[in-house]
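I opened the notebook today to look through one protein model, from the whole fold down to a single side chain. Here is what I looked up, in the order I went.

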Amino acid sequence: MKVSKKVAGVEYAIRDIVLTARKVQQKGMKVDYLNIGDPVQFGFQPPDNVKQALIDAINRGENYYSTSEGLAELRNEIAKKENVKGLSIDSDDILVTNGVSEGLDMVISSIVEEGDEVLLPGPYYPPYASYVRLHGGLPVEFAVDLENSTPDIEDIRKKITSKTVAICLISPNNPTGVVFNENSLRELVNIANESNLYIICDEIYDQIIFDEKFTGIGKVAGDSPVIVLNGFSKVHLMSGWRIGYIAFNQSSKLDDLRENLPKLARVRIATNLPVQHAALESLRGSQDYISKFVSEIKQRRDLVIKRLNEIPGLSCPNPKGSFYAFPKIEDNRFGTDKEFVTKLLESKGVLTVHGSGFGEKYGSGHFRLVYLPSLETLDSAMTKIEEFVSQ
């Protein structure tokens with residue numbers, strides 16, 4: 001039977017590699033899973049007041065469809081959060097989604113038609129390219145200086161064509177941990193304005209920052225057509241509950257999108273209502289757990305980056321945010337990055353993700369790992385990686 005070429009071309013390296021890991025486990029080898037950025041799987045749980053808010057909503061009988069745009073009180077609190085980061089919006093500029101991925105799909109499907117091009121930071125989170133391709137577009141990678149956390153402005157200018165419709169940013173970045181500073185964000189906004197492009201900025205890791213203060217794109221957005229994607233999976237430790245949001249900057253250039261994109265929200269009915277009450281509590285309640293979480297993650301980052309850079313044949317810039325390391329494989333005797341990852345898994349039981357899964361142009365020759373597990377697990381995994389590279 002026929003299968004759409006668009007669907008056949010969809011890839012998600014982060015989970016696709018798990019199929020190989022299962023085969024390794026079936027042979028009796030223990031696997032250290034360093035592939036998925038899910039804090040909850042590594043012992044970080046949402047606070048009790050947030051869990052209770054979910055339970056209370058269920059017990060109150062709030063188990064029906066919410067409005068398609070999302071719970072009014074939640075949208076109001078999200079607008080407050082985004083305004084603190086620099087935007088100037090109200091609840092009508094927020095649309096609550098079933099995770100950031102749904103929000104991304106809604107945005108891309110609303111602006112991309114056959115043959116359109118979307119600029120993505122190289123390397124990028126895989127669903128960005130997948131959704132662009134799914135809707136008939138072409139993802140185009142632009143260069144990023146991983147050491148200095150800066151986009152290559154000239155490379156971006158060269159890659160803008162008459163078919164380009166948007167520039168996507170992920171800051172803090174998955175998979176590299178790059179965090180764009182205020183000057184870089186301003187330059188990107190200016191470039192987008194010059195060419196009449198949408199700016200889609202994913203800030204899901206906005207509070208997982210280690211060494212510098214985070215600057216949200218809202219601070220430099222002005223009246224530009226900026227669309228912010230964010231959610232509760234990472235900072236608020238609600239990954240399995242699947243809740244995110246789209247925030248539209250108050251720009252007249254977004255008027256048509258603001259009118260038409262919510263049609264997709266209505267088609268899919270609504271976001272989980274009890275979870276929306278939990279998200280509301282996560283914004284209104286104490287935020288103390290976030291700094292504790294980030295402090296623990298920073299310790300893990302410091303260990304992993306130190307150990308990786310001590311291994312001959314590997315090098316890794318220091319991630320400024322998120323919880324990923326993106327080492328470069330400088331020794332070419334392992335073959336491709338995918339072969340490196342597969343051989344590491346099969347010989348040592350350490351599951352990482354091949355860098356080319358985050359974009360062929362700038363991801364190849366790297367691999368990604370998460371540093372969410374315990375210090376003991378990470379130290380052991382680094383020893384296994386060192387043994388593998390040195391053998």
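**Entry 1: the whole protein**

I kept in mind throughout that this is a predicted model. I counted 17 helices and 15 strands in the protein. Next I checked the overall dimensions: the C-alpha atoms fill a box of roughly 60 × 55 × 55 Å along the principal axes. For 391 residues, a compact globule would have a radius of gyration near 21 Å, and the protein has 21 Å, so the two agree.

I then looked at how much is covered. Buried residues make up 58% of the 391 residues. The protein exposes about 16,500 Å², and carbon and sulfur atoms supply 48% of that area. I also looked up the contacts between residues at least 6 apart in sequence: 75% of them join residues at least 24 apart.

**Entry 2: helix H14**

I went to helix H14, residues 288–309, and checked its length. Its 22 residues at 1.5 Å each should span 32 Å, and the end C-alpha atoms are 32 Å apart, which agrees. Which residues of H14 are buried? I found Tyr289, Ile290, Phe293, Val294, Ile297, Arg300, Arg301, Val304, Ile305, Arg307 and Leu308. Viewed down the helix axis, these buried residues fall within an arc of 155 degrees, so they line one face of H14.

What do the buried residues of H14 pack against? I listed helices H13 (273–284) and H17 (375–390), along with strands E10 (314–315), E11 (324–325) and E15 (367–370). On the face turned away from the buried side, I noted the exposed residues Asp288, Ser291, Lys292 and Lys306.

**Entry 3: helix H7**

Helix H7, residues 126–134, is mostly covered, with seven of its nine residues buried. I wrote down the buried ones: Pro126, Pro127, Tyr128, Ala129, Ser130, Tyr131 and Val132. After H7 comes glycine 136, and its phi is positive, near 90 degrees.

**Entry 4: glutamate 102**

I finished with glutamate 102, which sits in helix H6, residues 99–111. Is glutamate 102 buried or exposed? Its relative accessibility is 19%, and buried means under 20%, so glutamate 102 counts as buried. Setting aside neighbours within four places in sequence, I found glutamate 102 in contact with Thr97 and Arg268. With arginine 268, the glutamate 102 side chain makes a side-chain to side-chain polar contact at 3.1 Å.

Terms used: Residues are numbered from 1 along each chain as its sequence is written. This is a predicted model: local features need pLDDT of at least 70, side-chain atom pairs count only at pLDDT 80 or more; totals for chains, interfaces and linings use all residues. Side-chain values use heavy atoms; hydrogens and water are left out. Helices (H or I, at least four residues) and strands (E, at least two) are DSSP runs, numbered from the N terminus. The expected span of a helix is 1.5 Å times one less than its number of residues. Buried means under 20% relative accessible area, exposed over 50%, partly exposed in between (1.4 Å probe, protein chains only). The arc is that of the directions from the helix axis to the C-beta atoms. Contact means heavy atoms within 4.5 Å. The radius of gyration is taken over C-alpha atoms; the globule rule is 2.2 Å times the number of residues to the power 0.38. Accessible areas come from the Shrake-Rupley method with a 1.4 Å probe; for residues, only the protein chains shown count as cover. A polar contact is a pair of N or O atoms within 3.5 Å; within protein, one must be able to donate a hydrogen and the other to accept it, and residues adjacent in sequence count only if both atoms are side-chain atoms.
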